[in-house]
Structures are given as structure tokens and as C-alpha cells.
Amino acid sequence: MNLDLIINKLNLKVLTDNKDFSQIQPSHGYVSDMLSCVMTGAGQHSVWVTLQAHGNIVAVARLLDLSAIIITEDAQPDEKTIAKANEEGVILLSTEENSFNIAGKLWELGLKDK
Amino acid sequence: MKKIRAELHTHTVLSPCASIEMIPPLIIAEAEAKNIDILAITDHNSIANISAVIEAAAGSNVTVIPGIELQTQEEIHSICLFDTLSQVSSFYTFIEPTLPDLKNNADFFGEQFVVDRTGDFVRREERMLISSANISINDAFLEVRRLGGLLIPAHVNRSAYGLLPVLGFVPQDIDLEILEVSKHVDPIEIFAKFPQLMGYQLIQNGDAHFLHEILGFNQFTVEEFSIQEMIKAMRGQDGRTYNNLYQIIKENNNFNE
């Protein structure tokens, strides 16, 4: 399981700088829109699925060393958030689909809870 | 300088969650009975009852501050306070196009009444007021400030619509200085539970949905009350000061629901 495969299978838009996503291997998945829950609940190297697009998501991803954030339902982080993510090496992905569908597809690809 | 007691978070019958007793004359009578000098009206995503409360306050010792409790796209509530009706109207014009066009289900959420200064029925607000405007708290903060007002994240410690549970910590890319904590917590003890609040100025309000929740914890020592004077008082600038009367009020009456 690598991030390149996830991006292609789920047809995700890459909002941050391109890199070799095939080298990034997420270990778990996590879904929540409450950042306080994410900080205690998501494991290291998780893919976090959320419709929260506020700039604080970047700090949370950095704190937990998450593999990527998938922002659902086309919620748009602002330019400052994307710039900050690039600076911090946080990968932001985006989709029109809702969090339920994305979580289901990740599970089918073999990504599980920690 | 004078001491001014202020309640800065009050709902009227326009907010679906507010009790039917939250009509202009009763709100003003309650505030006056509690020696509250300044009372902000902050209905959810709406300003339609502010004028009626201002009219009801005519001849009383209470001055009404126009405000709105805005729900932004992160599902965070913030009270936005202004000096003038025209400022709050400008802000409402800014957010109105971003509010979803959903019809209120009065049986489930509660009625939303626009009333006159006596509390008589004028119309029902059909749009669901408990919903998120499609703007970020950051953009709302900047627009409120541009208009001369002040955005204060409401009940930041509360799981429902509170900034800390939703966003984890206070955003660092806007100059938030003042935060509101809910009426159920000791404003001193809260720093132990939420150390990320250290360095911020905390105010406390009744977030009144019932008359007895109009509490007036905030005491400002200022020349005249205004948004700028209030900010100075919170910062302790130019001889202005802020006092939270929580302990005194808590000892004198039981305000818990």
C-alpha cells in the first residue's frame, strides 16, 4: 500500500507539491472533523479523512506525522494553508466525495484502523 | 473612569434554542434588575431582533450592543460585537449570501420569532439559523475587525461548537486575543484543563437562552463602553481594566441550569 496507489484509485486531487508518492506508505486510516479527537485518536503515518479545511489541520498532521490528509466534499483550504503545508511537508489531497465513501474505499484497498 | 457591568452574549426568541420568555421587555427588565449596564444581543446567524431590544431599552439604564453569534464553516460559534447597528448590518450583508438556504424545522429545533419592542409577534424566520455560514473563522475575524467590531470565539471549551474541541488549539494566523469560556467553568481553574488558553484574555458570559442566564460576569473600568475601550480594558491599557465577577456572582446565587 502506498500513497500513489491511493491517489490514483480514489482519483484524488493533489493540492500540495508533487513528490514521489509511491515511496510513502501509510499504515492506518482515521476519520474525524474534530481536531481535538484527531490529536488523540489518529496514529502516526495515518491517512486522515476530514472535511475540515482550516489551517490548523496542517499543524495537527505535522504533530502526528500523518502520511496525508484527504479533504472531502470539495472543502477548500485557503492559499496560506496550502503554502504552510508545503513548508511543513504535509500532503493535502482533495475529493468531491464524502468521508464515508472515501473511508470505505480506503478500507477496501486494505488500509485499516490502527 | 467608571465601572461598567456587561453581559455580552444574549439570545432572543429569534434563536430557536432560546426560551419563549426571551422577549425585549423581559430581557431589559432582567438586565436592569441585575445592574447590568451593557447587554449585547447575539442571536444565531441573524440580527432581526436587535432593533426591538434597543427600543425596549429606551428609558432604562441598559445600553444594548448589536451583535451576532456566527457559526462558521468549521462549526465554531463566535460572538461578533459592534458599536453601531449599521456595522452589524454591514456584517450581516457580508455573511448572508453564504448562509445555506435550509428551512427551519420548528418542531425539532424550536420556533424562530421576530418580535417588536413589546415582544409581540411580527413574523417567523423561516430559514434555519443553526447552520454554518460558508466562510472561515479567519475571514470572519478579519471582516468584523475591518468594520470596527470584535469577534470573540464563544464557549471555546465546549464540545459543541467550541473552538478548542473543534480546532484543537487557537489558530495562530489571526490575532485572536480575547476568548469566551462557558459559564459553567471557573475562569481560573480552566487554565489547568486547557493550558493552550494561557496568554489569552478570557471573558465569560451567560450565553442566555433563559432570563436567569443573563448574568453579567464582565466588569470593565473604562471611560465609556465601546469596542475599542473594551479591548483596551482586556489588555489593561491606559488605566482601563477588566474584572471577572464569576466568583462573587457564583457565591450570591445559584446560576446553574
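Lys and Arg are counted here as positive and Asp and Glu as negative, with His and the chain ends left out; the place of each charge is NZ of Lys, CZ of Arg, CG of Asp or CD of Glu. On that basis chain A has 9 positive and 15 negative charges, whose mean positions are 4 Å apart. Chain B carries 18 positive and 35 negative side chains, and the centres of these two sets lie 3 Å apart.

The model is a predicted one, in which local features need pLDDT of at least 70 and side-chain atom pairs count only at pLDDT 80 or more, while totals for chains, interfaces and linings use all residues. Residues are numbered from 1 along each chain as its sequence is written, chains are lettered from A and ligands numbered from 1 in the order in which they are written, and side-chain values use heavy atoms, without hydrogens and water.

**Chain architecture**

Secondary structure is given as DSSP runs numbered from the N terminus, helices being H or I of at least four residues and strands E of at least two. Chain A contains five helices and five strands, arranged from the N terminus as α-β-β-α-β-α-β-α-β-α. Chain B contains nine helices and 11 strands. The radius of gyration of chain B is 17 Å, close to the 18 Å of the globule rule for 257 residues, so chain B is as compact as a globular protein of that length.

| Chain | C-alpha box | Accessible surface | Carbon and sulfur share |
|---|---|---|---|
| Chain A | roughly 35 × 30 × 25 Å | about 5600 Å² | 46% |
| Chain B | roughly 45 × 40 × 35 Å | about 10600 Å² | 50% |

A residue is buried under 20% relative accessible area, exposed over 50% and partly exposed in between (1.4 Å probe, protein chains only). Buried residues form 46% of the 114 residues in chain A and 60% of the 257 residues of chain B. Contact means heavy atoms within 4.5 Å. Among contacts between residues at least 6 apart in sequence, those joining residues at least 24 apart amount to 50% in chain A and 71% in chain B.

**Nonpolar cores**

A nonpolar core is a set of buried Ala, Val, Leu, Ile, Met, Phe, Trp, Tyr and Cys residues joined through side-chain atoms within 4.5 Å. The largest has 74 residues, and A:Trp48, B:Phe91 and B:Leu197 touch the most other members. Helix α3 (residues 56–64) of chain A supplies the largest share of this core, five residues. Apart from it lies another core of 21 residues, including B:Leu8, B:Ile79, B:Ile152 and B:Met230. Beyond four places in sequence, the residues touched by B:Phe91 include B:Ile68, B:Phe82, B:Val144 and B:Leu147.

**Local features of chain B**

B:Met230 is among the buried residues of helix α8 (residues 227–235) of chain B, as are B:Ile227, B:Glu229 and B:Met234. After α8(B) comes B:Gly236, with a positive phi near 70 degrees.

B:Glu75 sits in the loop between β3 (63–72) and β4 (76–81) of chain B. Its relative accessible area of 42% makes B:Glu75 partly exposed. Outside four places in sequence, B:Glu75 contacts B:Ser132, B:Tyr161 and B:Val166. The C-alpha atoms of B:Glu75 and B:Glu229 are separated by 29 Å, the two residues being 154 apart along the chain.

Methods
Accessible areas come from the Shrake-Rupley method with a 1.4 Å probe; for residues, only the protein chains shown count as cover. The radius of gyration is taken over C-alpha atoms; the globule rule is 2.2 Å times the number of residues to the power 0.38.
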